[in-house]
Amino acid sequence: MKLTTKYILGALLIGSFSFATTPAAQAQKKPVKEAEKINKKRNRLKADSSPYSKDQLQYDAEFAVAASSSNMLEIALGKLAQQKAIATEVKAWGKRMEQEHGQAEQQLQAIAERARITLPQMMGKDDRGIYDDIDDRKYFGFDKKYMRDLQELHERTIARFADAAAKASNPELRTYAAEMLPKLREHEEITAQLFEKASDRK
């Protein structure tokens with residue numbers, strides 16, 4: 001029995017729709033929520049044989065997931081700055097952000113793997129919103145917008161890492177947070193200086 005062209009096209013469209021709505025595809029739309037869901041299930045099982053409580057394990061996982069999303073945002077913004085920034089020093093700062101947060105993410109991934117913590121494959125919705133807002137600006141004025149938002153982002157990140165350096169149960173995560181703090185504070189200080197310069201430019 002011969003298949004008509006219409007039937008074949010219909011089957012292809014149905015197949016495409018089915019693929020787009022698979023759990024894996026849905027996870028890509030909500031990467032942070034999906035990672036948190038996996039970690040919650042895993043932590044319930046791990047708590048029985050772990051020296052840490054379920055709440056402690058959950059705190060560690062939530063910090064790692066948030067830190068990973070933040071690193072991905074910094075990397076993406078760094079790449080964007082290298083493309084869109086006007087000032088050479090802002091382009092250079094974007095490159096440094098890409099490199100240093102790239103290294104930070106690699107360290108975090110290694111720790112998460114040993115701790116059996118699932119990290120998101122893409123930045124979360126809130127971080128994606130920050131990226132889209134900065135990317136939406138025209139080339140003129142990009143430097144000021146990028147540096148201002150980057151300063152606010154580092155304030156948020158420093159508070160999160162300071163909390164984890166004191167509260168994280170996993171020793172590697174606690175050390176990671178503590179060792180990142182001086183770098184993050186340096187990032188915030190330099191970002192503030194670059195924002196001032198960008199604001200002064202006509």
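Is Tyr-176 counted as buried or exposed, and at what relative accessibility? In this predicted model, where local features need pLDDT of at least 70, side-chain atom pairs count only at pLDDT 80 or more, and totals for chains, interfaces and linings use all residues, Tyr-176 counts as buried because its relative accessibility is 4% (buried being under 20% relative accessible area, exposed over 50% and partly exposed in between, with a 1.4 Å probe and protein chains only). Residues are numbered from 1 along each chain as its sequence is written, and side-chain values use heavy atoms, with hydrogens and water left out.

Tyr-176 lies in helix α8, helices being DSSP runs of H or I with at least four residues, numbered from the N terminus. Residues up to four places away in sequence aside, Tyr-176 touches Phe-63, Asn-71, Ala-104, Gln-107, Leu-108, Ile-111 and Phe-161, where contact means heavy atoms within 4.5 Å.

Beyond neighbours within four places in sequence, Ser-169 is in contact with Tyr-52, Gln-56, Asp-60 and Arg-174.

How values were computed. Helices (H or I, at least four residues) and strands (E, at least two) are DSSP runs, numbered from the N terminus.
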